[in-house]
Amino acid sequence: QSSNSAIFCPTLSPERNKTRRKKNNNPGFVSEIPGKREKTERAGKEPEMAMARASSGLAYPERFYAAAAYAGFDGSPNSTAVVTSKFQSDTALLLYALNQQATVGPCNTPKPSAWNAVELSKWKSWQGLGNMVTTEAMRLFVKILEEEDPGWYSRASNFVSEPVIDMPVSNSKAEHAVENGNALPETKTVASENGNVMETQDKDVVSEGLGSILVYDQWIAPPINGQRPKARYEHGAAVIQDKMYIFGGNHNGRYLSDLHVLDLRSWTWSKVESKVGAEPPESASPSILAPCAGHSVIPWENKLISIAGHTKDPSETIQVKGFDLKTGTWSMLKTYGKPPVSRGGQSVTLVGTSLVIFGGEDAKRSLLNDLHILDLETMTWDEIDAAGVPPSPRSDHAAAVHAERYLLIFGGGSHATCFNDLHVLDLQSMEWTRPTQQGDIPTPRAGHASVTVGENWFIVGGGDNKSGASETVVLNMSTLVWSVVTSVQGRVPVASEGLSLVVSSCNGEDILLSFGGYNGRYNSEVNVLKPSHKSTLQSKIMETPAPDSVSAVHNATNATRDLESDFEVGQDSKIREIVVDNGDPEPLKSRANGNNENFLVTLKAEKEELESSLTKEKMQTVQIKQELSEAENRNTELYKELQSVRGQLASEQSRCFKLEVDVAELRQKLQTMEALQKELELLQRQKAASEQAMSAKQRQGSGGVWGWLAGSPGHRDEDD
């Protein structure tokens, strides 16, 4: 009941609907209307105005009312029967409680009688929600309904009218440059950090389709050909051989199972017509191509591995599916060992030849923080019981691996809140730690996407209780310093929940590609960012080094983004990075030479302080060991005394038992003696009576012979 009654993590999905910014009141709102781009027959022709209709589904509270009516909470006399016929008892109770919380408010009705079990269960379910606000109750109601019946919205749309927004759409007035007789396609724009739309002309950003991206650290929407996939979020994405594959996801509460590929050389979408291999005869799991969302897609050799995820009919354990790119066939991969419980919203990280799975939310909506490893060579599961304090149970978090040894977990959400904590798991010692973060620490978020480029960990999107995360941030995994790459404004795809993020290359340089997400509407946009890498390492000078992180000294860089780094391995084997200004190469050398001595003096002083602290820690460790040894000795003596006392107690208990037996025997003897005493008294009374009778007879016969001779009357009477 506590799990169901808590408030769901407020990110941006339609179920959680975390970003409730009104369109009319948000000056940074950018509405992108899907539609076919009109082809230009010749250069210089101005495009005509067109009208488009945008429909992204009902907003709250209308969406909740539609969901409640579909579930059966329409106020009719037989509404209870309708609800119980559609859902299981526990789900029906929870939906009833959320509906009451959303329409009536907190439960203030008196507790029903215990004889009415149904009404008592409904009252307890409603009472358990406490003071949950109306909006959260509405969102959680829709969330649960979409998990139980993913296709409800499409079926309810027959009698629910969606709001339709008519707005004009016009293409950019910039003329298309003509090269070799072909007009270059247009380039879309994304709102920049200062609130103004960043105008990117084709000649500055794109050449030969995508060509060379000359703008660093800014999101752009490249020209895409082909039929784009259906808008979605919570899908899986992976890049293999200059192709980005998109599988599954969630659209309007309906799980998807389609597979699409984007050729990153021609920037053309196409749908993959996949086949399904034979399922194992002993398998009782759902169909291989069962629609799913919240899963993870991992590239492995020449295959796509889809692992876990939410489905309409969930299995008991995690399912692992593989798509062979050569044969175009899906197959269920057989695993060994004890597989984890089925879930969605987990993190899956490829470390060498193994997949590390952490957290997620199971089919019963319980949050998890367990750790499992799947060896891809032997397909064997292994559950890990790591030392230290693990992250709290969560889902929709991000994970990355650094130096093939350290697993980093950031953010995520529970039923009540979102997080911005950072946890590190040493995959060699299998121990959790929570290091100190530095720099521009991101706000709490869930549903974000992440990817690593070298030692840089980029995180995009997600959201919290108030709004979507508009900043694209990066963490230097060696120094644990956060910095902001760029920021967007308005309801743009990169500020969405449930988007995907992958890394590829363009002309020898890394690029980040995002796809999909939900930010008030479902997206199917592709956005590209070319990171400058080095510029993401800017941060302030750290005066005091943290014991579990790395000190970093950074000075500002100029527009050339050329930086010079000097690394030194400290006492704790962490990397100390120093970045200096590189405005002019010659003055830089003399200035660096002049500052090196100061840096060395500072570093030596810090080293001496660290050595002194280390010495003190060693002394304290020795003292603690001595105290521990003394405590162990005292414990041993006390244990011996305890054993002795236990032995004495056992002997006393044995003696007491013998005494109890003797007492019982004596009691039996006493009872026997009492019976004998009664018999003796009876015999004595009988004896006395006999003696009295004998005495009387003797007195009567005292005359003897003389009386007989005399003819006494007494004897005559006797003779008569």
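## Salt bridges, core and strands

D263 counts as buried because its relative accessibility is 19%; here buried means under 20% relative accessible area, exposed means over 50% and partly exposed lies in between, computed with a 1.4 Å probe on protein chains only. The model is predicted: local features need pLDDT of at least 70, side-chain atom pairs count only at pLDDT 80 or more, and totals for chains, interfaces and linings use all residues. Residues are numbered from 1 along each chain as its sequence is written, and side-chain values use heavy atoms, with hydrogens and water left out.

**Salt bridges**

D263 forms a salt bridge with R265, their closest N and O atoms being 3.5 Å apart. A salt bridge is a side-chain nitrogen of Lys or Arg within 4 Å of a carboxyl oxygen of Asp or Glu. R265 counts as exposed because its relative accessibility is 59%. The structure holds 15 salt bridges.

Another salt bridge joins the side chains of E148 and R365, at 3.8 Å from N to O. This pair links distant parts of the chain, 217 residues apart: E148 lies in helix α6, and R365 lies in the loop between β17 (354-362) and β18 (367-375). Helices (H or I, at least four residues) and strands (E, at least two) are DSSP runs, numbered from the N terminus.

R394 and D421 also meet through their side chains in a salt bridge, at 2.8 Å from N to O. R394 sits in the loop between β19 (380-384) and β20 (398-402), while D421 sits in the loop between β21 (406-410) and β22 (422-426), so the pair ties together parts that are 27 residues apart in sequence. Salt bridges that share partners join K143, E147, E148 and R365 into one network.

| Residue | Relative accessibility | Class |
|---|---|---|
| E148 | 33% | partly exposed |
| R365 | 9% | buried |
| R394 | 0% | buried |
| D421 | 8% | buried |
| D258 | 17% | buried |

**Surroundings of D258**

D258 lies in strand β8, which covers residues 254-263. Its side chain makes a polar contact of 2.9 Å with the side chain of H260. A polar contact is a pair of N or O atoms within 3.5 Å; within protein, one must be able to donate a hydrogen and the other to accept it, and residues adjacent in sequence count only if both atoms are side-chain atoms. Apart from neighbours within four places in sequence, D258 is in contact (heavy atoms within 4.5 Å) with R232, I246, F247, G248 and K271.

**The nonpolar core**

A nonpolar core is a set of buried Ala, Val, Leu, Ile, Met, Phe, Trp, Tyr and Cys residues joined through side-chain atoms within 4.5 Å. The largest one has 31 residues, and F64, F73, F87, L98, F141 and W152 have the most contacts inside it. At least two residues of this core come from each of α2 (62-71), α4 (89-103), α5 (117-127), α6 (134-148) and α7 (152-156).

F87 touches A71, A92, L95, L145 and E148, leaving out residues up to four places away in sequence. E148 is also the salt-bridge partner of R365.

Helix α2 is mostly covered, with seven of its ten residues buried. These are R63, F64, A66, A67, A68, Y70 and A71.

**Strand pairing**

Strands of a sheet pair through backbone hydrogen bonds, either parallel or antiparallel. Two strands are taken to pair if DSSP finds at least two bridges between them.

β29 pairs with β30 (residues 509-515) over seven bridges in the antiparallel sense. Within this pairing, V502 stands opposite L513 of β30.

Strand β14 (residues 329-332) runs parallel to β10 (residues 275-276), and two bridges join them. K275 stands opposite T329 in β14. With β13 (residues 320-324), β14 runs antiparallel, joined by four bridges. M332 in β14 is the bridge partner of K321. β13 and β14 form a hairpin with four residues between them, and in the turn G328 has a positive phi of about 65°.
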